Amino acid sequence: MDKTIGERVREVMDCRGISACALSTMIPCERSNVYNIFKRSNISVDLLMRLCVVLEHDFFKELSEEFARNRTDSAASDAKKLQVG
């Protein structure tokens with residue numbers, strides 16, 4: 001993920017036309033906490049699950065796909081190092 005999880009939450013929220021105030025009611029939390037979420041590079045599993053449900057978006061799938069890409073890239077890099085060495 002080129003963006004932080006907080007940035008992705010904001011993007012998905014904006015795409016769905018949901019305001020910070022509305023999201024704060026849905027998850028529930030204070031509106032100021034929603035703005036703090038946008039700044040985060042990590043997030044609790046519980047909060048991420050609530051966000052997935054209310055935003056109808058699978059952030060876990062995104063993270064899993066990123067993990068798989070990074071693992072594949074890392075394995076390819078390691079293989080090149082072995083060939084060179």
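Biologist: Which residues does Leu 51 touch, not counting residues up to four places away in sequence?

Modeller: Contact means heavy atoms within 4.5 Å. Leaving out residues up to four places away in sequence, Leu 51 touches Val 9, Leu 23, Ile 27, Ile 37, Ile 43, Glu 56 and Phe 59. The model is predicted: local features need pLDDT of at least 70, side-chain atom pairs count only at pLDDT 80 or more, and totals for chains, interfaces and linings use all residues. Residues are numbered from 1 along each chain as its sequence is written, and side-chain values use heavy atoms, with hydrogens and water left out.

Biologist: Which residues have the most contacts inside the largest nonpolar core?

Modeller: Such a core is a set of buried Ala, Val, Leu, Ile, Met, Phe, Trp, Tyr and Cys residues joined through side-chain atoms within 4.5 Å. Here the largest one has 18 residues, and Leu 23, Leu 51, Leu 55 and Phe 59 make the most contacts within it. Two or more residues come from each of H1, helix H2 (20–26), H3 and helix H4 (45–55). H4 gives the largest share, 5 residues.

Biologist: How many helices and strands are there in the protein?

Modeller: Both are DSSP runs numbered from the N terminus: helices are H or I of at least four residues, strands E of at least two. The protein has 5 helices and 0 strands, in the pattern α-α-α-α-α along the sequence.

Biologist: At what angle do helix H1 and helix H3 pack?

Modeller: Angles run from 0 to 180 degrees between N-to-C directions, and axes are lines fitted to C-alpha atoms, for helices over the stretch in contact. Helix H1 (residues 5–15) packs on helix H3 (residues 31–38) at about 120 degrees, with the axes 6 Å apart. H1 and H3 are therefore oblique to each other; under 35 degrees counts as roughly parallel, over 145 as roughly antiparallel, 65 to 115 as roughly perpendicular and the rest as oblique. From H1, Gly 6, Glu 7, Val 9, Arg 10 and Met 13 meet Tyr 35, Ile 37 and Phe 38 of H3.

Biologist: Where is Arg 50 found, and what is its relative accessible area?

Modeller: Buried means under 20% relative accessible area, exposed over 50%, and partly exposed in between (1.4 Å probe, protein chains only). Arg 50 is found in helix H4 and is partly exposed at 31%. Arg 50 touches Ile 27 and Pro 28, not counting residues up to four places away in sequence. Arg 50 and Ile 27 are 23 residues apart in sequence, yet their C-alpha atoms are 6.1 Å apart in space. Of the 85 residues of the protein, 27% count as buried.
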